[in-house]
Every structure is written in C-alpha cells, then in structure tokens.
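I opened the model to look up how its parts are put together. My notes follow the order in which I checked things.

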Amino acid sequence: MSHPAAVPGLPGSFAPTRTTGAVAARATDLSKVYGQGETRVVALDSVSVEFGKARFTAIMGPSGSGKSTLMHCMAGLDKISGGSARIGDVELGSLNDKQLTRLRRDKIGFIFQAFNLLPTLTALENITLPMDIAGRKPDREWVSAVIETVGLGGRLAHRPAQLSGGQQQRVAVARALAARPEIIFADEPTGNLDSRSGAEVLGFLRESVRAMEQTVVMVTHDPVAAGYADRVVFLADGRIVEELHEPTADTVLDRMRLFDAKGRTS
Amino acid sequence: MLRTALRNLFAHKARLMMTALAVLLGVAFVAGTLIFSDTVGEAIKKASARNLDGVAVSVQDVPADNAPLTGKDGKRTTLLDDKLADRIRALPGVTSVRRNVTGTATVGGPDGAPIGDSWQNLGANFQPDKDGHDPRYPLKQGRGPAAANEIALDEATARASGHKLGDSVKFATDGPALTKKLVGIVTTDDPQVTAGGSLALFDTATAQKLYLHPGQFDELVVAAEPGTDQQALTAKVREVLPEKRAEATSGADLAAQQSTMIAEKNKALSQTLLTFAGIALFVGVFIIANTFTMLISQRSREIALLRAVGASRRQVVRSVLAEAALLGLISSVIGFALGLGLAVSLRAVLDANGAGFPNGPVVISPTSVLSALGVGVVVTVLAAWLPSRKAAKIAPVEALNTVEAPPTQRSLMVRNSLGAVITGIGVAIMLYVRTLTSVDDLTTAMAGSMVTLTGVIILAPLLSRPLVSLAGVVTTRLFGVSGRLAKENALRNPRRTAATASALMIGLTLMTGMTVVGLSTQQAMDEKAAKGLTADLKISTSTYTGLDTALSQKVADIPGVEAMAPLRRTGITATNYSMTLIGTDLTTIGKVAQLDFVSGSLPHTGTDGIAVSQDMAKKKGWHPGDTLDATFPDNKKTKLRITGIYADNDVLGDSISATSVVDPHLDRPLNDELLVKAQDGRTDGLSTPIRHALGDSPLLKVQDRADLRKESAENVNTVLYVSYGLLGMSVVIAVVGVVNTLAMSVFERTREIGMLRAIGLARSGIKQMVRLESVVIALFGAGLGIGLGIFLSWAAGTMLGHGLPTYQLLLPWGRLGLFLLIALVVGVLAALWPARRAARLNMLEAIGAQ
C-alpha cells in the first residue's frame with residue numbers, strides 16, 4: 001500500500017513506484033515514534049518503501065527527516081512502533097532482541113560513517129569478524145575476491161590505526177561484503193572521507209551491486225554519493241516525498257533545491 | 001583551578017566510586033587497628049590499675065642464687081613469713097599487709113579437658129576479713145574457702161566447667177588431680193585471668209601446702225594511710241627485708257612496669273595489623289593511579305583547552321592533585337567511620353571467642369584520627385602524582401584536534417629496562433639468600449623479596465604480552481570470538497592490565513609465600529614428630545611440669561601396654577660442650593624409639609654408662625670406650641663411659657643413659673614424657689586407663705601419632721588462616737581494582753561495543769567478552785603472584801627451614817590451585833557489573849557516542 005504525499009510545487013502528486021523484480025527489503029506503513037506525551041516525536045510516519053534485490057538505493061533527506069531512523073528500523077538496529085519492516089520474508093517487528101541480533105549477523109552487512117573497525121584486530125580479522133561471531137568458516141575464495149575488489153591486498157595484517165581513513169572504510173566495505181549478506185546498509189559511508197577516497201568507496205559499493213548482485217541501501221546527504229545509486233528515495237518529516245531513478249549528482253541536487261525552496265516558502 | 005577540581009570530582013562520581021572504595025577500605029583497616037589497640041590497651045591499663053589500687057608497696061620473693069626453683073618435694077621455699085609481715089605492718093603509716101600465696105591450678109571441664117590457658121590459670125589464697133569477705137575477690141555466690149577440702153572459682157571458670165556450689169571440682173597444680181568442694185564463686189579484675197586464664201582460691205594454709213611450705217608467702221602487699229610517701233615507705237620496708245631474698249617495689253613503679261608491658265604487647269599486635277593495612281593501602285595505590293591515568297586520558301581534550309586558554313602546567317598538575325586530595329579526604333572520612341565499626345566488632349568477635357578483654361569505652365585518640373586521615377590523603381595524592389605529570393604534558397594544540405587520534409602508546413623501553421635491572425638485583429639477592437642458613441639474615445630475605453616484587457611490578461606490562469596471549473589461546477579455543485576479543489582487549493593497554501593485575505599479584509605472592517613456607521615447615525615438623533618414634537602414645541603435661549615417677553610405673557602394667565619408657569631430660573657439659581642427656585629405661589627404650597647402633601651397644605644398667613648420637617660422636621671424635629668428664633646442672637662432676645654410638649634420632653637427642661645415672665642430679669626425679677608402645681590394635685582404648693593411672697589430672701596430654709601431627713599442623717594452619725584473613729582485605733581491594741578497570745574500559749569502548757552489537761554479537765557475547773577479559777587479567781595477576789611466591793619461598797627456604805633437618809620445599813598444589821580458582825571466581829565476580837553495563841548499552845547511542 002502506498003502513501004501518497006502531495007508535494008505542492010512539484011509536477012503532480014508523488015507515489016513511490018514499486019520496483020520491478022525481486023524485493024530484498026520492504027517497509028509497509030512503517031512508523032517510529034520516540035517519547036510520549038509532550039515530548040512525543042514522530043520520526044517515521046507510515047512509510048512504505050521497497051528495496052530491490054541487486055539494486056543500489058540511496059536514502060536522502062535533510063537532518064531530522066527520518067532517513068537514519070528508516071535505515072535503523074529496516075536494519076533491525078531499532079524497534080519499530082507500527083507497520084511492518086521485512087528483510088526477505090522475515091518480519092522484523094515480531095523478532096526479539098536475540099533474533100534481531102542473529103538476523104543482523106546472518107543477513108545484514110553494515111558500513112557506518114566512522115568507527116567501523118575494532119582497533120585490536122587486523123584488517124583481515126576485521127573483515128572476517130561477522131563470520132567469526134557466527135562461528136561460520138569464511139568462504140576463502142570469496143573473501144579474497146572481495147579483498148581484491150577493494151584493493152587491500154598488501155594491508156591485511158595492518159591494524160586500523162596503521163590505515164588511512166579511506167583504507168579503513170574499504171576494510172569496512174570488505175567486511176560487509178565478505179559474509180554475502182542479503183542486504184548491506186551503509187550510513188553516510190563517505191561522511192568522514194575526502195572526495196577521492198569517498199569516490200573509491202562508492203565505486204566499490206556500485207561495483208558490488210553490478211558484479212556481485214549485492215543489495216545496498218545507503219543513507220547520505222551528499223548528492224554526489226547519491227549519484228552512484230540506481231535510485232534515490234527522498235524523506236522529509238518522516239515521510240517519503242519523492243524518488244528518482246538512475247540519478248546523477250546534478251539531478252539529485254536539482255531536486256534538493258526544489259525541496260529547499262519549498263521548505264523556505266512554506 | 002580548585003573549582004575545576006571540585007567540578008571534575010563530582011562530575012565523575014560513579015567512576016571515582018571504585019577508587020574511593022580502595023582508599024576507604026585501606027583507611028578503615030588502619031583506623032580500625034589504631035582504635036582497637038587504643039581501646040583495648042586503655043581497658044587493660046585501667047583494669048590493671050584497678051588491680052593495683054591500694055597497693056603502696058609490694059614485697060616479692062627472690063629465689064636464692066644457684067639453688068633449684070623447687071625443692072625435692074616440688075615446692076618453693078620463700079623467706080616471706082608472718083613474722084616479716086608483722087614487722088612491716090608495724091612500720092609507721094602501714095594500715096595492712098596482705099599475704100599472698102600464688103601458683104597455678106588448672107580446673108578440668110566436663111570432658112576432663114583443661115579450662116583456660118594452663119599458663120595463666122591462677123591459684124591463690126582467699127584472705128577473709130572479719131566478715132568473711134576478701135576485698136580482692138568479691139564473692140558472687142557462697143562463701144570463701146575456709147578448710148582444706150574447699151575451693152572457690154571465678155565466675156567464668158565455674159561457668160565454663162559447669163560447676164555449681166557443692167560440686168566437687170577436679171583440678172591439678174602439677175601432679176595428679178586433686179578434688180575439692182566448691183563453696184564460693186568470686187569475681188576478679190586480674191588481667192591474667194580475664195585474658196584467657198582461670199582462678200582457683202583456697203584457704204591460706206591449703207594454698208601454702210600446695211605451692212610453698214606452711215607459714216610462707218610469695219608476696220606481701222602493703223597498704224598505707226592516705227598521703228603516705230610510697231617511695232619513702234618502700235625504702236623503709238626494704239630495710240627490714242632479708243638480704244637478696246626479697247624485693248620491695250612501690251605501687252606506682254609496679255603500675256608503670258605493668259603498663260609498659262601491656263604497651264609492648266599491644267604494640268606488637270598493632271604493628272602486625274598495620275603491616276597488613278599497609279599492604280592493603282599499597283595495593284590501593286595501583287587502583288588510584290589507574291583511575292587517574294584513565295580519567296586524564298579521557299579528559300585530555302578538556303585539559304588541552306584549559307592549557308589553550310592560559311592555564312599553566314603547574315595549575316593543571318595542582319588541579320589533578322587537588323582532586324586526588326579531595327577524593328582521598330572524603331574516602332578517608334568514610335573509611336574512618338568504617339574502621340570504628342570494625343574495631344568495635346573485632347573486639348566483640350574476639351571477646352566472644354574468649355579473648356577476655358576487660359570492659360572499657362571506645363578510645364578515639366587524635367593520633368588515630370590524624371594518622372588514618374593523613375595516610376588516606378597522602379596515599380591518594382602520591383598515587384595521582386604520576387598521572388598528574390602526564391596531564392601536564394598534554395599540549396594545548398590537542399584541543400584543536402578534531403579527528404580522534406588513537407592514544408599513542410608510549411614506549412615501554414625505559415620501564416622495561418628499569419624493571420629488568422631491579423628484578424635482576426632482587427633475584428640475585430634471593431639467590432644469595434638461598435645460600436644463607438641463619439634466621440638472623442631474615443631482613444636480607446625480606447629486602448630481597450621486596451626488591452624482586454617491585455621489579456616484577458615494573459616488568460608486569462612486558463610480561464603481560466606473552467602470559468595474556470597464552471591465556472588468550474585457551475579463551476579463544478573455548479569461547480571463540482568473545483574469548484579472542486577479550487584477549488585483545490586485555491593486551492590493548494599493557495600498563496593498565498599490569499597495574500590491575502599487580503594489585504592482585506601482591507596479595508597472592510604473600511599468600512603463596514606464606515603457604516609454601518608454612519606447609520613445608522609443618523611437613524618438616526610432622527616428620528620430625530613421628531620420625532624415630534615407634535611408640536603409639538606420648539604422654540606429657542601441658543605445663544611441662546613432669547609426671548610422678550611412681551604413678552608412671554603403673555602405666556607399664558596397664559593391660560594392652562606392651563612397653564613403656566620414661567624420658568627424664570637434663571643437660572650436661574662434657575669437654576666444654578653442652579648436650580642433652582635423657583635418662584630412660586634401657587630395657588624398653590628400643591621398643592618406643594628407633595634405636596640403631598652404629599657401633600657399640602646400650603649401656604648395661606649402672607651408674608656410668610652412656611650412649612651418644614652419631615652426630616655428637618662425629619663432632620667430638622668420640623668412640624665407644626671413651627670416658628667423658630660430665631658436669632651436671634647441680635655442678636657435680638661424674639665420669640661417664642661411652643658404650644655405643646647410635647644413628648641420629650630426634651626422640652633420643654644427643655645422648656641416653658639409665659635413669660639411675662640422671663636421678664642423683666635431679667632435685668626431684670620427674671618424667672618429662674612417657675612413651676608407650678601398645679599391643680597390636682589396642683592403642684585406642686589405652687588413653688582412659690593411662691589418664692586414670694596418672695591421677696586424671698586435667699593437665700595430662702595423651703597423644704597418639706595422629707594427635708602429634710595435628711598439634712604441629714594446627715599451629716601452622718592457625719597462622720596461615722589469620723594471614724589469609726588479613727591479606728583478604730588487599731585481595732578485596734584488588735577486586736575493586738578489576739571492577740574499576742573494566743568499568744572504565746567498557747566506558748571507553750562504548751562505540752566498539754555498539755558496532756559489535758550491530759554486526760551481530762549478541763548481548764551474551766558482549767557479556768562474555770568483558771567477563772573473559774576480567775578472568776584473563778585476574779589469572780595473569782594470580783599466576784604471577786603464585787609464581788613469584790613460590791620462587792621467594794624457595795629462596796628463603798634454607799634459611800627458614802634451618803634447624804629443621806627434615807625441611808623440604810613442599811608445593812601444596814591443591815591449595816595453590818585453589819588460589820587460581822579463587823582468582824578465576826574473582827574475575828567472574830568483578831566482571832558482573834561492568835559486563836551487565838556493556839550488554840545493556842543502547843546500541844544506536846553507542847555507535848553515535850563520541
């Protein structure tokens with residue numbers, strides 16, 4: 001069920017399109033409320049959205065729009081208040097903490113803005129950490145393929161403190177890919193990087209979608225980063241207000257300007 | 001800057017609580033000790049002053065030079081008699097003269113066992129006035145003893161022995177048991193009685209018959225008119241005393257002597273306790289230093305900001321030290337209050353166990369307040385001193401750093417070199433100590449131990465790497481990724497891990513050292529007690545007063561006794577060498593002791609035959625057939641002929657002969673011990689008939705081989721358990737330190753923990769990770785401590801075991817394993833709270849935390 005959100009000033013009313021093909025994750029009427037009474041804040045207001053398999057989706061929106069909350073709820077990091085959030089066939093709302101942890105461990109990969117790595121472990125150990133936690137044997141060939149893709153070959157025995165910020169994020173990408181999760185959530189993965197390192201990391205994510213058929217959902221406020229995605233979903237005030245297929249940095253920027261203008265005049 | 005210190009202190013309340021606890025416990029220990037010893041000392045002083053109340057002069061018997069203490073009848077002879085007492089009574093100013101007879105008397109309890117510590121069991125004469133009262137021993141029930149068959153007891157003894165008025169009381173002075181009718185129960189302030197002894201009262205004639213001779217006294221206590229000059233009176237009394245056989249002391253001098261003696265005794269106890277309190281505080285230093293190091297590294301940006309806006313290095317240092325001083329003061333005040341409670345309850349506990357301290361108010365002297373608070377503050381400030389230097393080194397520019405730089409690990413080079421040198425010196429001293437045999441060199445051993453311990457503490461960060469890695473192999477194998485992360489976390493900051501583990505190490509080094517030395521000694525004494533002894537029973541008295549020879553002979557005739565040999569010890573000097581000579585029954589001695597002749601044989605009964613030990617013979621170059629010029633304690637010389645040389649044996653000592661050789665030189669032949677060989681399987685039933693044959697005295701000790709072993713074991717174990725208890729405080733503080741370190745680490749690693757949770761480590765896995773880190777640190781400390789303890793006790797073993805030829809290093813693996821197990825439990829317990837906190841961290845907030 002879609003939730004039409006009229007955005008005056010844009011051509012016609014906007015309704016998110018259903019992606020064709022298989023769906024990796026889906027939110028239906030998903031809402032998230034913090035606090036009670038006077039301090040009650042609606043972070044997500046009946047959001048319905050699908051993330052297609054082997055697709056690279058970016059979630060954008062101004063601060064406080066609910067984009068991070070949406071990601072946290074979809075990734076099983078936060079409890080949902082209403083509606084439904086599914087990863088594959090699994091309904092997250094019905095899972096307890098233990099089951100959510102297991103789901104994250106087995107089906108989801110994460111890339112955070114910073115502090116992705118354990119300083120005590122080497123790059124390689126960080127990459128295989130989720131599988132170590134699960135007690136699974138890493139698929140050696142796959143892991144070396146991933147490492148080769150992100151170009152970390154010579155630095156596997158280094159500890160995070162000996163790596164640059166860009167290299168650390170590449171290790172984080174490799175870690176997310178190594179376990180072959182059903183879906184990878186990335187939260188501002190380039191937020192702390194210079195533009196060149198950022199471009200590299202985004203290139204790897206894009207490549208993983210294309211060559212490895214990985215599903216990636218990325219939260220970002222950077223139009224350039226969003227330009228790497230197949231599709232951009234815009235959030236404002238806890239609702240989905242717009243989406244864009246095959247975006248470029250320029251088209252994303254244009255849309256953002258439009259929201260901005262709208263935001264200022266309303 | 002003081003305001004900053006104050007703010008900081010209160011901003012980190014929770015974090016500083018563990019540190020405060022470490023200071024608090026140490027100060028409580030110090031304060032408790034000081035208050036306890038002041039209180040008890042004051043109470044004992046008051047009690048003994050009460051006891052001396054009204055004593056102007058005390059006249060005491062002085063034994064004659066070169067004469068035996070007791071005559072052939074076993075009684076002492078004094079020159080204090082009624083005639084002398086009357087002469088003193090006639091001196092101007094004298095109002096009365098008390099005539100005291102004193103000795104020991106031990107009352108048997110319901111099971112025949114002696115009541116009270118036999119050395120402190122007083123027997124005395126009841127001296128009634130016209131109304132039948134003796135002011136020194138106020139009657140509680142009944143009346144004073146007035147006839148030869150009557151006795152009075154103090155309240156506590158009557159209660160303990162279960163005697164009521166009219167009962168017949170069995171007691172002993174030195175010989176066989178005596179029985180008298182209980183006619184009175186009295187109270188007494190006599191410190192000897194209140195501190196674990198007992199009191200038995202007789203009428204004067206009976207007491208004289210028991211201890212002296214009719215008409216004689218041990219002490220004349222002179223009371224004088226108020227205002228009489230004690231010293232002048234003492235001088236006058238001295239004039240009428242028989243020369244050299246009596247001595248007069250003024251009441252004031254006597255009181256002074258007593259209080260000096262009490263102070264000495266008290267000092268020894270409080271010094272021991274203070275040593276342990278010092279250890280506890282020393283352990284606390286590590287925790288305080290750890291906390292301040294962590295606080296300062298967390299606060300480094302804040303400090304850099306202060307520096308950037310113009311605070312000087314010195315101000316930064318001062319602010320940190322002020323924070324420490326404040327923390328020390330607050331903790332010390334609470335610690336002092338806790339110490340007060342500790343002192344009061346310690347006294348109650350000891351009293352309940354029969355310590356018998358006299359009553360008195362709790363004494364809180366200004367000295368104890370000042371020392372306890374002072375020690376708490378000084379220790380805290382000293383411990384914070386190094387971290388404060390570190391704070392001063394923070395550059396103002398660090399305030400501008402936006403990127404979180406990983407804390408740079410300062411090189412351990414200097415520390416390791418210093419540690420290696422100090423440890424080397426310590427080990428060298430201990431290896432030298434290993435070659436020493438005299439207990440006089442104990443100070444060297446202590447110094448060597450201290451140096452080695454210090455060296456290892458400095459080296460601990462270096463040692464942590466291989467040892468923690470080793471432990472990590474096990475945790476990884478057993479617990480997978482949690483175990484692996486735990487190991488990495490423990491290795492992450494070697495200084496912190498080392499300081500935390502060191503706190504535990506100190507306690508365990510001492511516990512292990514004491515245990516190894518104690519149990520080795522015990523084993524040696526065990527072996528010694530049984531070595532060379534083939535008898536099944538050993539009979540002696542608890543006051544070593546000796547056993548009547550005629551009664552002893554009856555033991556040999558008890559059915560079930562195969563052989564009995566008496567031992568009568570004396571010392572002789574032969575060719576300028578002092579040695580022991582045991583007079584015994586030469587026909588039976590071979591059955592109760594291992595007697596192997598190297599050459600010659602036992603003397604044929606006679607008056608001059610002697611057999612000597614191989615050790616003596618070797619030392620002096622004696623051979624069978626040689627004749628010795630022996631001098632006995634009564635200064636009589638006798639020629640003794642060596643008939644044989646036997647293999648060394650602890651039971652037989654340097655030399656043995658027939659009793660007939662020894663007896664002429666003894667004032668009154670008494671058997672020091674009887675050794676009894678039972679017929680097969682009849683040992684168990686023999687104790688009762690033997691006691692009966694020897695007069696059923698409560699002083700009798702009939703011990704089988706197991707009892708002999710137990711006797712030596714009990715002493716060692718008591719000392720060990722008391723030490724464990726006292727060291728327990730430092731272990732508790734060390735545990736607080738582990739909790740502290742973990743709590744801080746969890747706080748520092750908030751983001752990591754959030755990330756681990758996000759990528760799928762369950763709460764239980766996080767808990768396990770923290771728990772295992774704790775266990776690894778605890779085991780590291782315990783392992784180091786146990787290892788060092790074993791080394792130190794090995795090195796000091798030759799010295800401490802000297803004089804015990806059977807001494808051998810005994811490693812009580814069971815008990816050491818128990819220590820490790822305790823460390824393991826300590827690790828798990830210390831992690832409870834931090835692990836819970838880590839597992840409950842809000843994941844999203846944790847990931848976003850700065």
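**Ground rules.** I am working with a predicted model, in which local features need pLDDT of at least 70, side-chain atom pairs count only at pLDDT 80 or more, and totals for chains, interfaces and linings use all residues. Residues are numbered from 1 along each chain as its sequence is written, while chains are lettered from A and ligands numbered from 1 in the order in which they are written.

**Chain A, antiparallel sheet.** I looked up the strand order and found 2-1-4-5 in an open sheet of 4 strands, with antiparallel pairing. I take helices (H or I, at least four residues) and strands (E, at least two) as DSSP runs, numbered from the N terminus. Two strands pair if DSSP finds at least two bridges between them. Strand 2 (41-52) and strand 5 (90-91) of chain A are the edges, each pairing on one side only. Strand 1 (residues 23-34) of chain A is joined to strand 2 of chain A by 8 bridges. Across that pair, A:Val33 stands opposite A:Val42.

**Chain A, mixed sheet.** Here I read an open sheet of 6 strands in the order 6-7-8-3-9-10, and the pairing is mixed. Its edges are strand 6 (108-111) and strand 10 (239-245) of chain A. From one strand to the next the twist averages 20 degrees. I followed strand 6 of chain A to strand 7 (residues 183-187) of chain A: the two are parallel, with 4 bridges. A:Ile111 faces A:Ala186 of strand 7 as its opposite residue. Helix 6 (residues 195-212) of chain A lies across strand 3 (56-60), strand 7 and strand 8 (216-219), at about 155 degrees to strand 8 of chain A. Axes are lines fitted to C-alpha atoms, for helices over the stretch in contact, and angles run from 0 to 180 degrees between N-to-C directions.

**Chain B, domains.** I noted four domains: domain 1 (1-63 + 255-401), domain 2 (64-254), domain 3 (460-532 + 705-850) and domain 4 (546-698). The bounds come from an automatic or database domain assignment. The centres of domain 3 and domain 4 of chain B, over C-alpha atoms, are 52 Å apart.

**Chain B, helix 20.** How do helix 8 (residues 251-298) and helix 20 of chain B pack, and at what angle? Their axes are 8 Å apart, at an angle of about 5 degrees. Helix 8 of chain B is therefore roughly parallel to helix 20 of chain B (angles under 35 degrees count as roughly parallel, over 145 as roughly antiparallel, 65 to 115 as roughly perpendicular and the rest as oblique). The contact of these two helices has 14 nonpolar, 7 polar and no charged residues. Ala, Val, Leu, Ile, Met, Phe, Trp, Tyr, Cys and Pro count as nonpolar, Asp, Glu, Lys and Arg as charged, and the others, Gly among them, as polar.

I then turned to helix 20 (residues 705-748) and helix 22 of chain B, whose axes come within 11 Å and cross at roughly 140 degrees. These two helices are therefore oblique to each other.

**Between the chains.** The contact takes 23 residues from chain A and 19 residues from chain B; two residues are in contact if their C-beta atoms, placed from the backbone, lie within 7 Å. On the side of chain B that touches chain A, the largest share, 5 residues, comes from helix 13 of chain B. That side has 10 nonpolar, 4 polar and 5 charged residues.
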